[in-house]
Amino acid sequence: MAHPGQDAKFFQRGKIEEFRAELQAAEAKDKRFVKRKTVLKKIVANITMGTDMSPLFPDVVQCLGTPLLEIKKMVYLFLVSYGRSKPDQIHLVIPNFLQDCNDRNPLIRALAIRTMSYIPIPVVTDSLSDNLRHALKDRDPYVRKTAAICVAKLYAADPRRAEKGGFVEMLRDLMLDSNATVVANAVAALSEIGDRQDGVTFKLNLTIANKLLAAIPESSEWGQIYLLDSLLRYVPERHADAELMAERIIVQLQHGNSAVILTTIKALLYLMNYMENRELIDYICKKMGPPLVTLLSSGPEVQYVALRNILLIIQRRPSVLKNDVRVFFCKYNDPIYVKLAKLEIMYRLARAENAKEVLAELQEYASEVDLDFVRKAVRSIGRLAIKVEAAADDCIQALLDLIETKVTYVVQEAVIVIKDIFRRYPGRYEGIIPTLCENLDALDEPEPKAAMIWILGQFANIIDNADELLDDLCYTFLEESTEVQLALLTASVKLFIYKSQADRAKELVHKILKWATEEVDNPDLRDRGFMYWRMLAVNPTVAGEIVLAEKPAITTDSDRMDRGALDQLLLHTGTLGSIYHKNPEASSHKANPELLLMINQTFIRNAAGKALKDSPALNPQSRAVLVPLMRTQLPPTAVNVPGPGPVEPASEKPPSPTNAPVPPSKSDLSNEDQISSPSSLQETAPSTDDKALTDPNDNDPYSNLGGAFGNYLVDAPRPMTGTQGRHGEDEDLLF
């Protein structure tokens, strides 16, 4: 047996001619294949280092006749690397492939089938079909589980051949196999095929779902992931079915593998949409908390993945971690991306009971050395004041203490959030305006400057020298950004309305209106300038009523993300979609799917959409926001995949679930519930109004600090509406 590091000597770049000469010499003299094995190791090492070894194709292929398994593995690895680039020479290998497919050693049979499936060339695919069909029924489970994955590779190379050859049905039959690894691989292959936009639709019925559940304990970690993930393809028809299934998989939360934990949580979150037992839902939420907390003791990369998933989970099920805010406090050695992700979760979990604790932690963060982290911490203090009214006084005092530090970027962030606090609590904190005015010179960025100008205009009636301050700010009007120019324009109009008799106010508004309408090219600014000018010229009283109209108070909502989009994202828990907080497939819309397809580009090619399916067990809140999905239409030559058994009869009252999985026969596998041609399975949602997913980047005062590390966009303060008090409908969403 090779010792670790023993093969490091082979990783030296060599010349093609030298390797060819060594292979020829070894073929003539090497009876025990030692020299041949050494040369092949050097060649494989060079392939690993990126050296092109394809000129050795004929010489390496000659080694396939060697009966030694280790040599066959290296030759097949060479063929996987260069088989596609040598279509004119690959026919030399076909006889060896066919011979190895009938070898007595199951490892060699599986190796040959696997290698052929990785070379999607017609001459190889033609030879693969018959041998793959036999391998799927091989007596050895190792060969069967390898052949199952090969079907997915064949489907990727030639979907029509795979469908016409009946390989998809054979995969479905493998889900009844006695070996759990074979079952897991069959599910993995069917999932890969079903996730393609042009693939067949892979569904489960209750019988097969129970069969897969029984295979989970005997499977490897990756097999368990595929089996658990496949449960999302089962649509419960009764609450009891979903509840029984959840009770059976909840034990997987104790697994040591983080991927298994996240996939289990994904399956539980999915099944909870089809439950009505609130006690069981609360119990499951309580059980999901400790495994998620345990993931935070892993490395920073795993922590970040866990944090991004937690951020989604607590929006849908806040009770999962509502009492665990302390575990998200940042450590001094956390990477910045972990700190920012924790900061957002801390804010989301903040409430009246723990607000002081969270505020004290945020104040500490505001004295850190990392600029982005400090800015986020200061903004989080302001957002905390808006979210938790009981903590508003303490948050304002904390912001004033930070302003007294005279640190420029801290003062600027504090001004931005204080502007929103003024809107949230009108008439309550205007006494701190003099302190803000004292720090006017520290504002050199557009956003804080625009916020301060809004404060000066909004409260010009109580700021004695508001006209002087605005006049000073107007000296650089033409050089300012559009954001600041718009703020100055509106503030000067407010000042004039408040102090219409003051000469300085008249001069100021006239000067700015002339600049806005004559000197500026921005159409938004020019149009607003003309609008204000005409309003003031026609009827100043009406202009005052419009400009100084009472503004709706703003708030932040703990569940800001659209409910339908959130339900859809939770089906991607533990994947890239949950990290990016975007669906990997392009969204569809019945009004104009082509337009939506261009707007919401997928970041995983050929990814099929995931969404909750309607059924009698689906709770009304989820049904009201179902997201419709569209499958790509296949050519007219698409083939229906016939099922080997009868279709399960549809009944108004589904049969009661069994308390234990019943070993199914092949007749239990119905075409309707298992695998169908996409041409006959366009999925449609119930007749609810379709809602395009809104982009959370729009109009968010908290979005300028790099969304790559933790997205604050979903919590931007927004006007309060009449729906804020309707907690009864979604008591599982809000505290």
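Here is a guided walk through the predicted model shown above, from the whole chain down to single residues.

Because this is a predicted model, local features need pLDDT of at least 70 and side-chain atom pairs count only at pLDDT 80 or more, while totals for chains, interfaces and linings use all residues. Residues are numbered from 1 along each chain as its sequence is written, and side-chain values use heavy atoms, with hydrogens and water left out.

Let us begin with the overall picture. The secondary structure of the chain comes to 33 helices and 4 strands; helices (H or I, at least four residues) and strands (E, at least two) are DSSP runs, numbered from the N terminus. The chain has 735 residues, and 54% of them count as buried. Here buried means under 20% relative accessible area, exposed means over 50%, and partly exposed lies in between (1.4 Å probe, protein chains only). Contact means heavy atoms within 4.5 Å. Among contacts between residues at least 6 apart in sequence, 71% join residues at least 24 apart.

Now for some helix packing. Two packed helices are described by the angle between their axes and the distance between the axes. The axes are lines fitted to C-alpha atoms, for helices over the stretch in contact, and angles run from 0 to 180 degrees between N-to-C directions. Helix α24 (residues 446-458) packs with helix α26 (residues 482-498) at an angle of about 10°, and their axes are 8 Å apart. The two helices, α24 and α26, are therefore roughly parallel to each other; angles under 35 degrees count as roughly parallel, over 145 as roughly antiparallel, 65 to 115 as roughly perpendicular and the rest as oblique. On the α24 side the meeting residues include I453 and W454, and on the α26 side they include L488 and Y498. By class, the residues of this contact divide into 9 nonpolar, 2 polar and 4 charged. In this scheme Ala, Val, Leu, Ile, Met, Phe, Trp, Tyr, Cys and Pro count as nonpolar, Asp, Glu, Lys and Arg as charged, and the others, Gly among them, as polar.

A second pair to look for is α19 and helix α21 (residues 392-404), whose axes come within 11 Å and cross at roughly 10°. That makes α19 roughly parallel to α21. Here K356, L359 and Q363 in α19 meet D394, C395 and A398 in α21. The classes in this contact are 3 nonpolar, 1 polar and 2 charged residues.

Follow the chain to the loop between α19 (355-365) and α20 (371-387), and you will find E368. E368 is partly exposed, with a relative accessible area of 30%. Leaving aside neighbours within four places in sequence, E368 is in contact with K339, F373, V374 and Y409. A charge sits over a ring if NZ of Lys or CZ of Arg is within 6 Å of the ring centre and within 35 degrees of the ring normal. R383 provides another case, with its charged end over the ring of Y347, 3.8 Å from the centre.

Rings of Phe, Tyr and Trp (its six-membered ring) pair if their centres lie within 6.5 Å; planes under 30 degrees apart count as stacked, over 60 as edge-to-face and the rest as tilted. F78 and Y82 form a tilted pair, 5.0 Å centre to centre with 55° between the planes. Being 4 residues apart in helix α4 (residues 69-82), F78 and Y82 are separated by about one helical turn. Both F78 and Y82 are buried, and ring pairs link F57, F78 and Y82 into a cluster.

Helix α30 (residues 563-570) is mostly covered, with 8 of its 8 residues buried. Its buried residues pack against α15 (258-272), α17 (300-316), α31 (576-580) and α33 (620-624).

Last come two backbone details. Most residues other than glycine have a negative phi. H581, in the loop between α31 and α32 (593-599), has a phi near 55°, a positive value. H581 is buried, with a relative accessible area of 13%. K406, in the loop between α21 and α22 (408-424), also has a positive phi, near 65°.
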